[in-house]
Amino acid sequence: MEATNKKVVFLLGLMVVIACCADAQTICNMTYSELMACKPAATPPNPPPPTSACCAGLSHANLKCFCQYKNSSILPSIGVNPKLAMQLPSKCKIPNAPTC
């Protein structure tokens with residue numbers, strides 16, 4: 001129960017930060033709008049290819065940083081499939097992307 005409450009508080013806090021600060025905050029060197037540009041390409045069941053905006057954001061992102069979210073419950077809680085998300089650098093043809 002305690003762990004569930006901490007997760008809920010963390011997610012609510014994350015949502016507040018995102019809502020308040022939108023592009024002022026970054027995650028792994030990507031802005032909120034860049035992250036949201038990638039969301040459709042990582043959302044099941046039939047994701048479209050990543051957009052140019054998504055790939056542009058990923059091109060300057062800290063991709064190793066995103067590895068820490070691979071097994072996190074944060075991505076699924078916002079409708080993103082971690083496996084699909086980890087395929088985006090390859091789909092965007094970003095060279096030397098880390099394998100998590």
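Here's a quick tour of this protein chain, from its overall make-up down to a few residues worth a look. Keep in mind that this is a predicted model. The chain has 100 residues, and 28% of them count as buried. Its secondary structure comes to 6 helices and 2 strands.

**The whole chain**

- Starting from the N terminus, the elements come in the order α-β-β-α-α-α-α-α.
- Take the contacts between residues at least 6 apart in sequence: 64% of them join residues at least 24 apart.
- The chain's accessible surface is about 6500 Å², and carbon and sulfur atoms make up 62% of that.

- Ser-90 sits in H6, and its relative accessibility is 57%, so it counts as exposed because the cut-off for that is over 50%.
- Ser-90 and Cys-55 are 35 residues apart along the chain, and their C-alpha atoms are separated by 9.9 Å.

**Either end of H6**

- At the start of H6, Asn-81 has a side-chain oxygen that comes to within 2.8 Å of the backbone nitrogen of Lys-83.
- After H6 comes Lys-93, with a positive phi near 60 degrees.

**Glu-34, a buried charge**

- Glu-34 belongs to helix H2, which covers residues 32-38.
- Glu-34 is buried, yet it has no salt bridge.
- Setting aside neighbours within four places in sequence, Glu-34 is in contact with Asn-29, Gly-57 and His-60.

**The loop between the strands**

- Cys-28 is found in the loop between strand E1 (26-27) and strand E2 (30-31), and Asn-29 lies in the loop between E1 and E2 as well.
- As background, most residues other than glycine have a negative phi, and most peptide bonds are trans.
- Cys-28 has a positive phi, near 55 degrees, and it isn't a glycine.
- Asn-29 isn't a glycine either, and its phi is positive at about 70 degrees.

**Prolines between H2 and H3**

- Pro-44 and Pro-45 are joined by a cis peptide bond, with omega at about 10 degrees.
- Pro-45 has its place in the loop between H2 and H3.
- Pro-48 lies in the loop between H2 and H3 too, and it is partly exposed, with a relative accessible area of 39%.
- What does Pro-48 touch, not counting residues up to four places away in sequence? It touches Pro-40 and Ala-41.
- The C-alpha atoms of Pro-48 and Cys-38 are separated by 9.9 Å, and the two residues are 10 apart along the chain.

**Ser-72, between H4 and H5**

- Where does Ser-72 sit? Its place is in the loop between H4 and H5.
- Ser-72 has a relative accessible area of 18%, so it is buried, given that the cut-off is under 20%.
- The side chain of Ser-72 reaches the backbone nitrogen of Ile-74 at 3.0 Å.

Methods: Residues numbered from 1 in each chain as written. Predicted model: local features only at pLDDT ≥ 70, side-chain atom pairs only at ≥ 80, totals over all residues. Heavy atoms only, no water. Helix = DSSP H or I, 4+ residues; strand = E, 2+ residues; numbered from the N terminus. Buried < 20%, exposed > 50% of the residue type's maximum accessible area, 1.4 Å probe, protein only. Contact = heavy atoms within 4.5 Å. Areas by Shrake-Rupley, 256 points an atom, 1.4 Å probe, with all protein chains shown as cover. Lys, Arg positive; Asp, Glu negative; His and termini not counted. Salt bridge = Lys/Arg side-chain N within 4 Å of Asp/Glu carboxyl O. Polar contact = N/O pair within 3.5 Å; in protein donor to acceptor, adjacent residues only side chain to side chain.
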